[in-house]
Amino acid sequence: MLKRILILVGIIAAIFLLFKYCDFKKEDDATTIDSAGLIQQQILNVGKLIVTEGHFSEVITYKNQQKYLLNMLSFEKKALVVVNADVTVAYDLRKVKYDIDEQNKIITIVFIPKEEIKINPDIKFFDVEQSKLNPFTGEDYNKINKSVKANLAKKMETSTLKTNAENRLISELSKLLITTSQLGWTLKYDGKVIESEKEFGKQLKL
């Protein structure tokens, strides 16, 4: 009789432990699914267009000379050109591509788009001097416009505007790094594990 009671108690204990294990397994699976969902949500939050705006001004002098009669006669045209330009640097993070490995809890950034730079110059001419034999033409204005944009592009490379745009890019992507760290996931880019915002900047090679 005692033996039967012990067997019954043993069976009940085994059933209880089995149910507890199943509950634990369900909770663990739910946690995995939930963390993957949070990762996906953070990707959506980061996926947006970030735009950094700036303004540049410069004054240049445009000159052109036409010569005639074996260079004995010359006719010059010149103008003072005042340029005010609105410049934007944009990163479209909606184009960022990811690879999500739920089993190993690794998210890999596969592709980050290049910045999109737009320069919209407002060009005004002052002190215009020209002659009938060497007047201002559409070709002159095209040359000036091209030269202005080239100069502004060079200024952009060394300006704080581009640096600020890059910092905003790193800051937005680092939100994903914070989420992955909190959930026990690993974030990778360019074959390397990213563990800090500083490493992000180095890996992006900005």
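**View 1. A salt bridge joins the side chains of glutamate 58 and lysine 155.** In this predicted model, the N to O distance of the pair is 3.4 Å. Glutamate 58 belongs to strand E1 (residues 49-68), and lysine 155 belongs to helix H2 (residues 138-157). The two residues are 97 residues apart, and their pairing links distant parts of the chain. Side chains of opposite charge can pair when their charged atoms come close. A search of the whole structure finds nine salt bridges.

**View 2. Helices H3 and H4 cross at roughly 125 degrees.** Helix H3 covers residues 160-182, and helix H4 covers residues 197-204. Their axes come within 10 Å. H3 and H4 are therefore oblique to each other. The crossing has a right-handed sense.

**View 3. Residues of H3 meet residues of H4.** On the H3 side, the contact involves Leu169, Ile170, Ser171, Leu173, Ser174 and Leu177. On the H4 side, Glu197, Phe200, Gly201 and Leu204 take part. By class, the residues of this contact are six nonpolar, three polar and one charged.

**View 4. Residues 16-32 form a stretch with pLDDT under 50.** For residues 16-32, the model has zero contacts beyond four places in sequence. Across the protein, pLDDT averages 79, and 79% of the residues score at least 70.

How values were computed. Residues numbered from 1 in each chain as written. Predicted model: local features only at pLDDT ≥ 70, side-chain atom pairs only at ≥ 80, totals over all residues. Heavy atoms only, no water. pLDDT = per-residue confidence, 0-100. Contact = heavy atoms within 4.5 Å. Axes fitted to C-alpha atoms, helices over the stretch in contact; angles between N-to-C directions. Helix = DSSP H or I, 4+ residues; strand = E, 2+ residues; numbered from the N terminus. Parallel < 35°, antiparallel > 145°, perpendicular 65-115°, else oblique. Left-handed = near helix turned anticlockwise from the far one by under 90°. Nonpolar A, V, L, I, M, F, W, Y, C, P; charged D, E, K, R; others polar. Salt bridge = Lys/Arg side-chain N within 4 Å of Asp/Glu carboxyl O.
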